[in-house]
Amino acid sequence: MAKNNYQAPTGMHDLFQGELDQMARIEQMAKRVADFYGFEKIATPILEFSEIFEKGTGAFTDIVEKEMYTFKTKGGDILTLRPEITPGVVRAYNQHGMQNLPKPVRFWYLGPCFRHERPQAGRYRQFNQLGFESLGAEHPIIDAITILVFYSLLKSLGFKKLAVQINCIGDSQCRGGFKKALSSYLRSKTSSLCVQCRVRQKKNPLRVLDCKEEKCEAIKKNAPQILDHLCKDCSDHFKGLLEFLEELEIPYNVNPYLVRGLDYYTRTVFEISEDTEDGKAQGSLAGGGRYDGLVKLLGGKDTPACGGAMGIERVINLIKARTKEQPPKEPTCEVYLTQVGELAKRKALKLFEQLRQANIKVAEGLHKESLSAQLKQADKMKVKYSIIIGQKEALDKQVIIREMKNGRQKIVDMDKVVRELKGKI
Ligand code: HAM
């Protein structure tokens, strides 16, 4: 690659003010929801031992088989850039002995994840997840609150056509029976499955239900359904959850093919997407479910848990598409500070800081020399007032305040500028 042609790695992006502002706004809104429902913020390392993903996310998932950034450190540790945050949260819960805390223990987080996927709309190799996790409670009301938290956050971000898909994929009691029935059905259809599903059928048959290939869609239609194989506990749990969602007036679709691409799920799985063309192109905005076996699998005590995560970039993409047609925002600064000459520059710099302390948003051209260039910029920015400090004003400790729409000017003592502007804005 030519020296002056360096690019960010494929599927990874520079974020600029616009996206970062959106991200901060989403985080602020998430914090409000989190505080209300009693979730505390957690930040786990971006690197974790690979083993927690191999064991937790699942050795035969696409994430672990194909998408992890894994490397050996100089000390010989095998670490992975986290492809998701749930196993790290569970590892932290176990490591810090949190099983003795009042239950459920609730966390929320926001941070980067890394998956070596084929980049496409809404699918990146580095992206940010915002998640909510509740550990230590088995009741379906926890599943309902998890869905509610994402649903209300997305609503408050202006999403109007949210579609919640939900399914129950059983537990260690009943999933085995279903897997057997599904495997035997799939074996009879092997030759008609897509190439990937022929492998999945042997390693992880549930994942065939998730396949979007036309060939496999047709086969799925007549496949045995998990909901017919649930044990009584799972069935009661699912019914309980659906009743809570109805009470909360959260519209949902039961999708018997929803299995999700991570292996730790038990019982509830859900996904939330925006029901628009853009939304479909990007995939789900949020997804999650119950993971009653993960805490134990990663070395802790038997602990039920439930959670989900939302893809920040997908949310921002849809907000951007929605706001594209809206009129441009009003100018953020109402005042522009201009100066001519070295002494004026010094006075202007001091005044600039005084205006900041007084909370008056000011744009400036402190590095510029020409007054007309500065006033042109002030015009472009559509500010209401310009402050002009020339050599004479600097010596007299005064400024000129110019009303941009009519060119009217007023001379004001430098120590009265803040008060004068406060009265005008
Ligand atoms: P996930 O469905 O793999 O679940 O990811 C959650 C969300 O992250 C997705 O709905 C999507 O918005 C976003 N996402 C995933 N991959 C990408 C990508 N390559 N580019 C952009 N956005 C992406 C999990 O990760 C689970 N840990 C969720 C969970 C938490 N389950 C229980 N607790």
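1. A word on the ground rules first. This is a predicted model, in which local features need pLDDT of at least 70 and side-chain atom pairs count only at pLDDT 80 or more, while totals for chains, interfaces and linings use all residues. Residues are numbered from 1 along each chain as its sequence is written, and side-chain values use heavy atoms, with hydrogens and water left out.

2. Let us begin with the ligand. It has 27 residues around it, and Glu-84, Thr-86, Glu-117, Glu-133 and Tyr-265 come nearest; a residue is near a molecule or strand if one of its heavy atoms lies within 4 Å of it. By class, the shell holds ten nonpolar, ten polar and seven charged residues. In this scheme Ala, Val, Leu, Ile, Met, Phe, Trp, Tyr, Cys and Pro count as nonpolar, Asp, Glu, Lys and Arg as charged, and the others, Gly among them, as polar.

3. In Glu-84, a side-chain N or O atom is 2.5 Å from a nitrogen atom of the ligand. For Tyr-265, the distance from a side-chain N or O atom to a ligand nitrogen is 2.6 Å. Arg-260 places a polar side-chain atom 2.9 Å from an oxygen atom of the ligand. On its own the ligand has 650 Å² of accessible area, and the protein covers 97% of that (Shrake-Rupley method, 1.4 Å probe; for residues, only the protein chains shown count as cover). The elements giving two or more residues to the shell are β6 (126-135), β10 (286-290) and β11 (305-311); helices (H or I, at least four residues) and strands (E, at least two) are DSSP runs, numbered from the N terminus.

4. Now to strand β4 (residues 78-81), which pairs with β2 (residues 47-49) in the antiparallel sense over three bridges; two strands pair if DSSP finds at least two bridges between them. Glu-48 has Thr-80 as its bridge partner in β4. Strand β3 (residues 69-72) also pairs with β4 in the antiparallel sense, over four bridges, and here Phe-71 stands opposite Leu-79. Five residues separate β3 and β4 in their hairpin, where Gly-76 in the turn has a positive phi of about 95°.

5. How much of helix α4 (residues 86-95) is buried? Nine of its ten residues are, where buried means under 20% relative accessible area, exposed over 50%, and partly exposed in between (1.4 Å probe, protein chains only). Among the buried ones are Thr-86, Val-90, Arg-91 and Tyr-93. The buried residues of α4 pack against β2, α2 (50-58), β5 (105-114), β6 and α11 (294-297). Just after the helix, Gly-97 takes a positive phi of about 55°.

6. Ile-388 stands opposite Ile-400, and Val-399 has Val-412 as its bridge partner. The hairpin of β15 and β16 has five residues between the strands, and its Gly-407 takes a positive phi near 75°.

7. Finally, please check Asp-171, in the loop between β7 (162-168) and α6 (175-187). Asp-171 is buried, with a relative accessible area of 11%. A polar atom of its side chain lies 2.9 Å from the backbone nitrogen of Gln-173. Not counting residues up to four places away in sequence, Asp-171 touches Cys-231, Cys-234 and Arg-267, with contact meaning heavy atoms within 4.5 Å.

How values were computed:
A polar contact is a pair of N or O atoms within 3.5 Å; within protein, one must be able to donate a hydrogen and the other to accept it, and residues adjacent in sequence count only if both atoms are side-chain atoms.
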